[in-house]
Amino acid sequence: VVPFAQRQALSEYGRTEPGLARPKNLPTFPEKFLTEYLVVLALMYGALLGFVASMRALFGELYQAPDWFGDVVSLVILLTLGLGFEYASYIYDFATLFVFTLGLLLMVRRRWGLFVAVFVVACLNKETAILLTVIFAIHFFRRTGIARRQFWALLSAQAGIWVVSRIALAWAFHANPGGTVELHLSDNLWLLNHRPVHIAMLLVATAALVRYRWREKPKFLRDALWIAALLTPLVVFLGLLDELRAWYEVFPIVGLLIAHTAGGLFGVKVTTREPLHHTQSQ
């Protein structure tokens with residue numbers, strides 16, 4: 001979709017910028033793909049901006065706290081991503097963070113039209129978008145703020161969109177090389193055998209920070225955390241336990257739960273408030 005003249009201009013710009021023309025991890029990067037490389041960078045940085053903006057808005061929907069604290073929480077959560085860059089990052093990783101967090105925000109605001117549109121994008125981006133549906137089902141199944149017909153219609157729509165997206169993408173890329181999934185159980189068994197203390201300490205610390213004053217934390221986040229029970233076996237078999245990008249779907253949920261704990265530990269008044277109730281027309 002980039003016109004030829006603009007492609008040439010971007011390629012020329014890339015050739016004059018050593019950091020772009022020769023990425024450190026791709027010493028033989030072909031010059032004919034410099035335009036695509038710059039577009040990918042723009043998309044990934046745009047997704048990061050969208051992620052931190054969505055996190056800040058979601059924090060404001062769920063908590064009553066000083067504005068500066070919400071800003072700091074969002075920035076710290078963004079910077080925490082740097083701890084997981086030991087492995088490669090793919091073009092869809094930051095997009096996963098963005099659209100999943102935006103989906104959570106729209107779910108809290110009950111902006112169902114926009115939520116469905118974002119869900120479509122999330123399904124095209126990564127198959128784990130179905131975890132948004134799991135959160136929706138758990139949180140709204142017994143809620144009185146949503147009509148039963150609307151609940152079942154939204155649930156059915158999400159399931160249908162996910163199935164259609166899986167079939168369409170499988171058909172479109174059926175001739176591509178490679179398997180459907182990558183098995184990493186042996187890698188994770190090696191990690192558990194060689195780094196048991198590190199992994200145990202990380203799990204205990206995270207659990208303690210999440211659990212602290214549990215009942216005072218937003219019901220929405222407590223319900224959403226259930227997806228960790230589904231994500232964990234997927235990561236054990238198909239991901240790497242110490243690879244942060246494998247946990248991106250639960251990352252904003254855990255981050256906001258820990259934010260409440262941080263407020264208590266640092267003497268900042270952070271109280272849970274009920275999400276805004278928007279009209280069904282929205």
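Student: Which residues in helix α7 are buried?

Tutor: In this predicted model, helix α7 covers residues 130-140, and its buried residues are Leu131, Leu132, Thr133, Ile135, Phe136, His139 and Phe140.

Student: What do the buried residues of α7 pack against?

Tutor: They pack against α5 (91-109), α6 (112-125), α8 (148-172), α11 (219-224), α12 (227-238) and α13 (251-265). The protein has 13 helices and 2 strands in its secondary structure.

Student: Why does Phe136 count as buried?

Tutor: Buried means under 20% relative accessible area. Phe136 has 0% relative accessibility, so Phe136 counts as buried. Across the 282 residues of the protein, 39% count as buried.

Student: How many aromatic pairs does the structure hold?

Tutor: The structure holds 16 aromatic pairs. One of them joins Phe59 and Phe69.

Student: What makes the pair of Phe59 and Phe69 tilted?

Tutor: Ring centres must lie within 6.5 Å to pair, planes under 30 degrees apart count as stacked, and planes over 60 count as edge-to-face. Phe59 and Phe69 lie 6.1 Å apart, centre to centre, with 55 degrees between the planes.

Student: What makes the pair of Phe136 and Phe151 stacked?

Tutor: The ring centres of Phe136 and Phe151 are 5.2 Å apart, with 15 degrees between the planes. Planes under 30 degrees apart count as stacked, so this pair qualifies. The pair links helix α7, which holds Phe136, to helix α8, which holds Phe151, 15 residues apart. At 1% relative accessibility, Phe151 counts as buried.

Student: Which residues do ring pairs link into a cluster?

Tutor: The cluster consists of Trp112, Phe115, Phe119, Phe136, Phe140, Phe141, Phe151 and Trp152.

Student: How do you know that the radius of gyration agrees with a compact globule?

Tutor: For 282 residues, a compact globule would have a radius of gyration near 19 Å; the protein has 21 Å, which agrees. The C-alpha atoms fill a box of roughly 55 × 50 × 40 Å along the principal axes.

Student: What share of the contacts with a separation of 6 or more comes from residues 24 or more positions apart?

Tutor: Such residues account for 73% of those contacts in the protein.

Key:
Residues numbered from 1 in each chain as written. Predicted model: local features only at pLDDT ≥ 70, side-chain atom pairs only at ≥ 80, totals over all residues. Heavy atoms only, no water. Buried < 20%, exposed > 50% of the residue type's maximum accessible area, 1.4 Å probe, protein only. Helix = DSSP H or I, 4+ residues; strand = E, 2+ residues; numbered from the N terminus. Contact = heavy atoms within 4.5 Å. Rg over C-alpha atoms; globule rule 2.2 N^0.38 Å. Phe/Tyr/Trp six-rings, centres within 6.5 Å; stacked < 30°, edge-to-face > 60°.
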